[in-house]
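My notes follow in the order I looked things up.

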Amino acid sequence: ITPTSLLLPPLLSNNEDITFEEILIPLIERSKVTAKLQDRKWFGPDDFPNWMKSKRDISQSVIGEIVANLLENAFKYSPLGASIGIYFNDIGLCVWDSGKPISSEIKDKIFLSGFRSDSAFKFPGSGLGLTLAKELSEQLGGTLSLEDSPKNFEKSLPKSGNAFVLKLPLKLLLA
């Protein structure tokens with residue numbers, strides 16, 4: 001079983017409104033399974049902030065596509081012994097791993113369309129996933145960035161590794 005097959009975004013209902021919690025819980029559950037299959041430590045949320053529980057227009061469900069891409073990349077590109085997790089707070093969310101931090105040279109290019117590092121060529125992919133995730137985050141009014149310390153997002157997270165941080169606009173956090 002490959003991480004790609006487990007981390008597809010969930011099929012959405014025909015409802016006009018949906019919560020971020022409803023969108024992301026299936027991805028979190030699939031990540032638990034993937035971590036177990038890969039013999040990794042998985043760190044998922046114990047609780048969800050209020051902004052995840054508010055009903056939203058179905059058009060905001062693109063957050064599932066963003067998170068699915070970030071989780072897929074974490075499972076695909078971090079070393080097998082690295083822990084992986086997702087964390088939510090009052091500014092957004094962070095998908096992190098405890099692997100070796102991505103070099104600054106690659107970090108500067110990672111969101112460019114078609115960019116793939118030398119080490120990424122041993123895995124299938126097009127180099128478009130992070131570009132799309134960044135564009136979708138901007139459509140939501142948010143930002144997507146890469147930090148080399150998950151601890152910068154939340155003090156309880158690992159000191160080193162990689163942290164893809166999706167900061168959401170106040171209008172989504174207060175909805």
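I started with secondary structure in this predicted model. I find six helices and seven strands in the chain. Following the sequence, I read their order as α-β-α-β-β-α-β-β-α-α-β-β-α.

Next I checked confidence. The mean pLDDT of the chain is 85, and 82% of the residues reach at least 70. Strand E2 (residues 42–43) has the highest confidence, at 98, while helix H1 (residues 3–6) has the lowest, with a mean of 42. I noted that pLDDT is below 50 over residues 1–8, a stretch that has 21 contacts in the model beyond near neighbours in sequence.

Then I looked at burial and surface. Of the 175 residues in the chain, 46% are buried. The accessible surface is about 9,300 Å², and carbon and sulfur atoms hold 53% of it. Among contacts with a separation of 6 or more, 67% join residues 24 or more positions apart.

Which residues have the most contacts inside the largest nonpolar core? I list Ile63, Phe88, Leu93 and Leu168, in a core of 37 residues. Elements giving two or more residues to this core include helix H2 (20–37), strand E4 (84–89), strand E5 (92–97) and helix H5 (129–139). H3 supplies the largest share, eight residues.

I followed Phe88 further. Leaving out residues up to four places away in sequence, Phe88 touches Leu24, Ile28, Pro45, Phe48, Pro49, Trp51, Met52 and Leu93.

Note on methods:
Residues numbered from 1 in each chain as written. Predicted model: local features only at pLDDT ≥ 70, side-chain atom pairs only at ≥ 80, totals over all residues. Heavy atoms only, no water. Helix = DSSP H or I, 4+ residues; strand = E, 2+ residues; numbered from the N terminus. Buried < 20%, exposed > 50% of the residue type's maximum accessible area, 1.4 Å probe, protein only. Contact = heavy atoms within 4.5 Å. Areas by Shrake-Rupley, 256 points an atom, 1.4 Å probe, with all protein chains shown as cover. pLDDT = per-residue confidence, 0-100. Core = buried A, V, L, I, M, F, W, Y, C linked by side-chain atoms within 4.5 Å.
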